[in-house]
Amino acid sequence: MPPVGSFPKRLAISKSQIDQLRVLVQAVVGSNSFYTKKFEESGTYKIRDLGDLAANVPFTTKAEIVANQLAHPPYGTNLTYPLERYSRCCQTSGTSGTPIRWLDTPESWDWMLRNWLTIYAAAGVTRSDVIYFPFSFGPFLGFWTAFEAGARLGSLCLPGGGLSSAARLRAIFDHQATVLCATPSYAMRLAEVAAEEKIDLTNSPVKLIIVAGEPGGSIPATRSRIEQLWPGARIFDHHGMTEVGPVTFECPAKPGRLHVIETSYIAEVINPRTGILLQPEQAGELVLTTLGRLGSPLIRYRTGDLVKASEEHFCDCGRQDLALDGGILGRVDDMIVVRGVNIYPTAVEEVVRGIDGVVEYSVNISNESSLAEIAVTVEFAAMIDALEQARRMEAAFEQAFSLRVPVLVAEPGSLPRAEAKTKRWNRGGGVDAEEPRG
């Protein structure tokens, strides 16, 4: 771990933020049609300090961006420069609505690669590492930036697109990859395939698994499960979005805590209903301003991610960047109230992954009555007594939430797997399953 004192102090971070924010505002007003209109409507042109940002500048929402791109296809008007200045196009996954296209200039792309180098440094990745990327890249920004930053670091970077999971596992061993970048779900899926293919992961060369795309990397039970499946490998969490780029990295001293790269972002945590800034230790929605993505910026962007800022101003790792305890708790839209109890996706996963033998699961939400109800469908490993484990899971839900949450048993192989994000929370519908009671 780097020595305490080798990281920017709070005062220096804040000064850097306001200096960069002024440059950003100067760049977009008059040049970026989307933000020029927003600033004109708010009547705010000068920002003297960070307080002015929160007090005077309106939020930007995903719905605004989507509507703008539909009205001005294909890229919308959130472009600061002429189209010929842009060299990259990425797109959101569309798992939570209409996909968004995002253009970047070489300068903005370079800014994101530098953020990824910060993430790699915190994870302890060096040029002597071999990094394996077991996914098809497509238009998703995170895969490209992670790969190119690894190459810039000097590491040998291996793409695994277009291969089966079994072939990817063989490539990991053939190339002696020391670092694996994947979603938590796909790291577990690779271990499942390894068992099917009789590949012994106790001999795996992988020493570090960088996970992103889902909250699982900061959930103790999920981390523990991945580490059991990949003996000798350390889990390192990170999160980002196509709209904003790579944002956070796991605290080297406190697993389950994410640090925001505050020299690149201004982060706020708000009440998702009122928009009011929250105090530390209160769960709310993460709002981000991208300071170095001048070509296609976002100012006070409501990410939809639920987080809880730490009260600590000085972390054990020596950093004074904003710390998010518990990582990404879930999505604002995914938090539901069941008989007066707030249920977060991370809390459900903590219970599910705490039961032995879980291979995959899904959460089904029903609003057929006046109150929301949930049921969890679980696929267990073949050698496990599924009905007995389902009963144990129901008891664990009862203890955690003081609620009865029905646990259904799915047929082996019936729940979907994905190499990127796995959609587990479903409103209505379900799969063929067996009640563990009766």
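Arginine 257 stands opposite aspartate 325 in E13. These residues belong to a pair of strands, E9 (residues 257-260) and E13, that run antiparallel over three bridges. Two strands count as paired if DSSP finds at least two bridges between them. Helices (H or I, at least four residues) and strands (E, at least two) are DSSP runs, numbered from the N terminus. The model is predicted: local features need pLDDT of at least 70 and side-chain atom pairs count only at pLDDT 80 or more, while totals for chains, interfaces and linings use all residues. Residues are numbered from 1 along each chain as its sequence is written, and side-chain values use heavy atoms, with hydrogens and water left out.

E9 and E13 are part of an open sheet of eight strands, in the order E4-E3-E5-E6-E7-E8-E9-E13, with mixed pairing. At the edges are E4 (156-159) and E13 (323-325), each of which pairs on one side only. From one strand to the next the twist averages 25°. Axes are lines fitted to C-alpha atoms, for helices over the stretch in contact, and angles run from 0 to 180 degrees between N-to-C directions. Strands of a sheet pair through backbone hydrogen bonds, either parallel or antiparallel.

E3 and E4 run parallel and are joined by four bridges. Isoleucine 131 has cysteine 157 as its bridge partner in E4. Which way do the side chains of E3 point? Val130 and Tyr132 point one way from E3, Ile131 and Phe133 point the other way, and all are buried. Buried means under 20% relative accessible area, exposed means over 50%, and partly exposed is in between (1.4 Å probe, protein chains only). In a regular strand the side chains alternate between the two faces of the sheet.

Further along the sheet, E6 (residues 208-211) and E7 also pair in the parallel sense, over four bridges. Here leucine 208 has arginine 234 as its bridge partner in E7. E7 (residues 234-241) is mostly covered, with six of its eight residues buried.

Next come the helices. H5 (residues 106-123) lies across E3 (130-133), E5 (179-182), E6, E7 and E8 (245-250), and runs at about 10° to E8. H9 packs on the sheet too, touching E6, E7 and E8, and its direction makes about 125° with that of E7. Contact means heavy atoms within 4.5 Å.

H9 (residues 220-229) also packs against H8 (residues 184-196), at an angle of about 30° and with the axes 10 Å apart. That makes H8 roughly parallel to H9; angles under 35 degrees count as roughly parallel, over 145 as roughly antiparallel, 65 to 115 as roughly perpendicular and the rest as oblique. From H8, Pro184, Ala187, Met188 and Ala191 make the contact, and from H9, Thr222, Arg225, Ile226 and Leu229.

Some loops have backbone features to look for. The peptide bond from proline 73 to proline 74 is cis, with omega near 0°, and proline 74 is in the loop between H4 (62-71) and E1 (88-91). Glutamine 176, in the loop between H7 (165-174) and E5, has a positive phi, near 55°, although this residue is not glycine. Glutamine 176 is partly exposed, with a relative accessible area of 46%. Serine 402 is not a glycine either, and has a positive phi of about 55°. Is serine 402 buried or exposed? Serine 402 is exposed, with a relative accessible area of 57%, and lies in the loop between H11 (386-401) and E19 (407-410).
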